[in-house]
Amino acid sequence: MPLYSQSCAYAILALTRIADSPESPLSAKEIADYYDVSNASISQALFQLKRGKIVTGKRGKGGGFVLAVPASSLSLMDIIKAMGCEHDLPCCLFGLNDQIALAHCTTISFWKEERKRIVTMLSNTRLEDLRKKQNSESTEINPKAPLARCDGPHFQPSGGCHSS
């Protein structure tokens with residue numbers, strides 16, 4: 001069960017790439033090509049980020065997207081909120097609805113504390129932190145490798161994931 005939607009993942013990918021190129025605007029196509037992902041998915045994420053005032057965009061030749069907020073002050077939770085995904089983190093570890101979870105879920109108190117920790121971590125982690133980590137590991141990362149998925153046929157019950 002992913003914590004947040006695929007659109008949040010695309011938004012974070014796009015923003016990390018834009019943060020790596022602060023002097024020159026990047027188009028959605030350039031970002032999508034860099035990661036070998038759908039241009040439409042990156043475009044949709046950038047549209048949401050523009051509405052959320054995380055990026056600014058310029059049309060035409062030499063146009064593209066740049067950060068409207070410094071990467072050093074932009075938290076992952078800011079990005080998640082701009083994408084409208086702040087309520088994606090379930091109240092119940094097993095995905096039961098709130099009433100059932102509160103009445104019957106044996107893990108509700110455990111999950112409530114873990115959920116708080118996740119939200120705190122996302123609030124305290126800056127885009128700049130991700131960018132620096134990615135750049136320090138750049139020899140090990142292939143940006144065109146498929147995104148890892150932890151759902152559907154790719155889910156490994158042992159707790160791991162493999163690429164799609």
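**Entry 1: Thr 125.** I began with the side chain of Thr 125: one of its polar atoms lies 2.8 Å from the backbone oxygen of Met 121. The model is predicted, so I note that local features need pLDDT of at least 70, side-chain atom pairs count only at pLDDT 80 or more, and totals for chains, interfaces and linings use all residues. Residues are numbered from 1 along each chain as its sequence is written, and side-chain values use heavy atoms, with hydrogens and water left out.

I placed Thr 125 in the loop between H6 and helix H7 (127–136). Helices are DSSP runs of H or I with at least four residues, and strands are runs of E with at least two, numbered from the N terminus. Is Thr 125 buried or exposed? Thr 125 is buried, at 16% relative accessible area; buried means under 20%, with a 1.4 Å probe and protein chains only. I then listed its contacts (heavy atoms within 4.5 Å). Leaving aside neighbours within four places in sequence, Thr 125 touches Leu 74, Ser 75, Leu 76 and Leu 130.

**Entry 2: the core.** I looked up the largest nonpolar core, which has 36 residues. Such a core is a set of buried Ala, Val, Leu, Ile, Met, Phe, Trp, Tyr and Cys residues joined through side-chain atoms within 4.5 Å. H1 gives the largest share, eight residues. Leu 46 is among the residues with the most contacts inside this core. Not counting residues up to four places away, Leu 46 touches Ala 14, Ile 18, Ala 28, Ile 31, Val 55 and Phe 65.

**Entry 3: the strands.** Strands E1 (residues 55–58) and E2 (residues 64–67) run antiparallel, joined by four bridges. I found Thr 56 opposite Val 66 in E2.

Notes: Buried < 20%, exposed > 50% of the residue type's maximum accessible area, 1.4 Å probe, protein only. Pairing = 2+ DSSP bridges. Polar contact = N/O pair within 3.5 Å; in protein donor to acceptor, adjacent residues only side chain to side chain.
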